[in-house]
Amino acid sequence: MKKNLFCFLMLFSLAAFSQIKFENAYYVNNDGEKISGLIKNYDWKNNPTSFEFKTSEDSEVEIINIDFAKEFNINNNLRYLRAEVDIEKSSLKTAHIGTKKEPDFVKQTLFLKQLASGSNNLYKYEENGIEKFFYSTENSKIKQLIYIKYMPSEEEVRNNPEINRTSILSNEQYKRQLWYDVKCETTSQKELNSLDYNEPSLIKYFNQVNNCDGNVSDEIKSENKGKANFNFKVSAAYNISNMEVHDYFAEDPIVFKGSNFGIGFESEIILPYNNNKWSVIIEPSYNVFKETSNSSKSIFTTSQSKLDLKYLQIPFGIRHYFFIDSKSRIFLNALGNLRVIGKKSYVNYSNHEYNIFGQTTFAFAGGIGYNYDKFSLEARYITPTNLSNSNDASIDFNNISFILRYEVF
């Protein structure tokens, strides 16, 4: 088990070594000068307070702190703007909400990520899972869009029979702010009442209003940011399998070696940060392994041994991509693997039979693969597990799989 865990951690460490690159960029210094060069693009989940910059591929790396850059822009589709703002940082998670309805502001200087650009601008700040959105118009400075979840006070409970102490209320001031500051002639109160406080909804709304005004910039191309993408792939596996049966009645282990096939599908959720390089996957498959062996040497007799193994395999875990170009990428998987043995599975030797159906085992697995457009190919190793439910024998099974996938959607 320790050896398996070590292998898993090694694979996870390899996956964690991300292929973050310096990309074409610029920043604006405090004198208003635009400095062109290269910035290391981490596609930050939490808003940064500094960035790594160099003037050319061969030059030394400089750390540019927020105090020395008014803004920075990577490839004209990722822009952070420095702003001194009043910010309230209440959590929207039920376990962490407070009792204050009104915002409790603090003044901070932040790099705000720009999500929509035009006559009306939308910005985002994220810190340890807390997301706050800001906006500005042609006639106003940057202000926070206010949305607060809170528990009712004793007075509110007394005055309103429809709520109790466990109710969760919300201050949705952001809807009033947008009604007064960011709307066009066709915007309705009903539309704003149904507007959610999240990145996709707010980006869509701001772009609609900017298009309505006829003043939208296509410099910021982040409509898909903040949304996890889902992929569904059908898969076929060629397995090289090995099983060793160690039994009291056998002088030597009974070894089954051979190849078998499996079919299944993969569901993948690509996480919306770090340049879409991380994803979560699960890949159920059905496999059949039938084999005979003449290696059984019973102390009573020598006979041919038979294996009939039907199993459902359910690997799940994380994937990390290393991009080559727009269509090609290499990936690493670090996985846990559940294996459920199907009915009528057995090992038979010397007129002695083990019914191993119904067993469920867990192992670690790791894989490396290549993805081109809709096709991918992976080589995966699954660490050994014991299928036996008897104290008189151990049945160690492991396999290497070569998996071909096609992305359906």
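Student: Which strand does F230 lie in?
Tutor: Strands here are DSSP runs of E with at least two residues, numbered from the N terminus. This is a predicted model, where local features need pLDDT of at least 70, side-chain atom pairs count only at pLDDT 80 or more, and totals for chains, interfaces and linings use all residues. Residues are numbered from 1 along each chain as its sequence is written, and side-chain values use heavy atoms, with hydrogens and water left out. F230 lies in strand β13.

Student: What is the relative accessible area of F230?
Tutor: Buried means under 20% relative accessible area, exposed means over 50%, and partly exposed is in between (1.4 Å probe, protein chains only). F230 is partly exposed because its relative accessible area is 42%.

Student: Which elements each supply at least two residues of the nonpolar patch?
Tutor: Such a patch joins nonpolar side chains (Val, Leu, Ile, Met, Phe, Trp, Tyr) within 5 Å, from residues with over 30% relative accessible area and no salt bridge. A salt bridge is a side-chain nitrogen of Lys or Arg within 4 Å of a carboxyl oxygen of Asp or Glu. Members of this surface patch include F230, F375 and Y406. The elements that each give at least two residues are β13 (229–247), β22 and β23 (393–407).

Student: Where is N76 found?
Tutor: N76 is not a glycine, yet it has a positive phi of about 60°. N76 is partly exposed, at 44% relative accessible area. Its place is the loop between β5 (71–74) and β6 (78–87).

Student: What is the relative accessible area of D373?
Tutor: D373 sits in the loop between β21 (360–372) and β22 (375–386). D373 is partly exposed, as its relative accessible area is 39%.

Technical notes: Helix = DSSP H or I, 4+ residues; strand = E, 2+ residues; numbered from the N terminus. Patch = residues over 30% accessible without salt bridge, like charges linked within 9 Å, V, L, I, M, F, W, Y side chains within 5 Å. Areas by Shrake-Rupley, 256 points an atom, 1.4 Å probe, with all protein chains shown as cover.
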